[in-house]
Amino acid sequence: MTASGAASASAGFSTIDHVLMTRALRLAARGRYTTRPNPMVGCVLAHGEQVVGEGWHIRAGGPHAEVHALRAAGGAARGATAYVTLEPCAHTGRTGPCANALVEAGVARVVAAMRDPFPQVDGAGFDRLRAAGIAVESGLLQAQARELNVGFLSRVERGRPWVRVKLAASLDGRTALASGESKWISGAASRGDVQHWRACAGAIVTGSGTVLADDPALTVRFEDGTDCVPPLRVVLDAGLATIGRGRVREGDAPTLYVHAPDAGRPRDLDAEMMSAPVHNGRLDLHEVLKLLAARQVNEVLVESGATLAGAFLAAGLVDELVLYLAPVLLGAQARPLFDGLDITTMAQKLQLQAIDTRQVGNDLRLRLRPAAP
């Protein structure tokens, strides 16, 4: 939806509607590290300005946001307006239908930020509510709701996860010395900030070269003990050269090796492996993302060197770039941000749009997305 379309969709709602939906969106975001593969959802129940119950979806398999809010409200839910960031579900999965729960509680009105495109919902929740005589309105703060669940929506609507590439670079755009040494370009604050993006991801993807050069663990390390579901660690290793080595095999987080169909699979190692087609001598990244979508991965964080990062970018698969720009210089012999971009004219340049810029410690963090054609 365009900015003007989003504005018009919200135009018929009151100030109180906007305030309470904003509150619901903030509640939903509390489940950012724990709800996957489910979407983040928040719910606020109110009579006018008076909030009588609220909740958010905390963990996949547990009660949904509406159920938490209804339990908090008790009998006060009758006649209330329910502000929900996503259309209430109408099917039975690991939990019962939230649309039914709202009907049984006797709410009078449901305001949803957006329709749920998941095939088992996709309007059926709204239909069930309306059939029970409940007033249903949708589209309030829809752009914000879509941004909150950008990974879930990518998987459902495009059939692949949202791909976020994380890189740290010097002011002259270098990510490692010619020798491969890269620890550390960015500061401690930036390395701490990276834990947030790891915790948001359903999978952290790296290449065999990075495993050999840097021996990363690719785990989430929150110093304050923040709860999160450990992301899947994915090593793209066509020949399975790294399968028996590295910290990427250690800890509680699961690890998946994606290899070429003709790779020799070792039988004496307890490791999960999956093959993907090879195109022009490299693993087909489009197919890799399809495999991860089939595993219900919503967001992918690519943490790799210039070769794999460049391959994702050249394939048109980068949805967002998180770049930590450090106030250091590494010189012309150091390695670039991206390898393999065949750009020979200014007309071929890849245009990016900055969506967020902020200082993190002594570094500058840029969030960039490909500009619309």
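Which ring does the charged end of Arg191 sit over? In this predicted model, select Arg191 together with Trp184, and you will find that the charged end of Arg191 sits over the ring of Trp184, at 4.4 Å from its centre. Next select Arg30 and Trp56, where the charged end of Arg30 sits over the ring of Trp56, 4.8 Å from its centre.

Now turn to aromatic rings, for which a search of the whole structure finds one pair. Select Tyr33 and Phe222: the pair they form is tilted, with 5.3 Å centre to centre and 35° between the planes. Because Tyr33 belongs to the loop between α2 (15–29) and β1 (42–47), while Phe222 belongs to the loop between α9 (208–214) and β9 (232–236), the pair ties together parts that are 189 residues apart in sequence. Tyr33 is buried, at a relative accessible area of 17%, whereas Phe222, at 21% relative accessibility, counts as partly exposed.

For the next stop, colour the five strands that form an open sheet of mixed pairing, in the order β2-β1-β3-β4-β5. At its edges lie β2 (50–56) and β5 (135–138), each of which pairs on one side only. Within the sheet, β4 (residues 109–112) and β5 run parallel and are joined by four bridges; select Val110 to find its bridge partner in β5, Val136.

Finally, show the helices: α3 (residues 65–73) packs on the sheet and touches β1, β2 and β3 (81–84), with its direction at about 140° to that of β2. Helix α5 (residues 124–131), in turn, lies across β4 and β5 and runs at about 150° to β5.

Key. Residues are numbered from 1 along each chain as its sequence is written. This is a predicted model: local features need pLDDT of at least 70, side-chain atom pairs count only at pLDDT 80 or more; totals for chains, interfaces and linings use all residues. Side-chain values use heavy atoms; hydrogens and water are left out. Rings of Phe, Tyr and Trp (its six-membered ring) pair if their centres lie within 6.5 Å; planes under 30 degrees apart count as stacked, over 60 as edge-to-face and the rest as tilted. Helices (H or I, at least four residues) and strands (E, at least two) are DSSP runs, numbered from the N terminus. Buried means under 20% relative accessible area, exposed over 50%, partly exposed in between (1.4 Å probe, protein chains only). A charge sits over a ring if NZ of Lys or CZ of Arg is within 6 Å of the ring centre and within 35 degrees of the ring normal. Two strands pair if DSSP finds at least two bridges between them. Contact means heavy atoms within 4.5 Å. Axes are lines fitted to C-alpha atoms, for helices over the stretch in contact, and angles run from 0 to 180 degrees between N-to-C directions.
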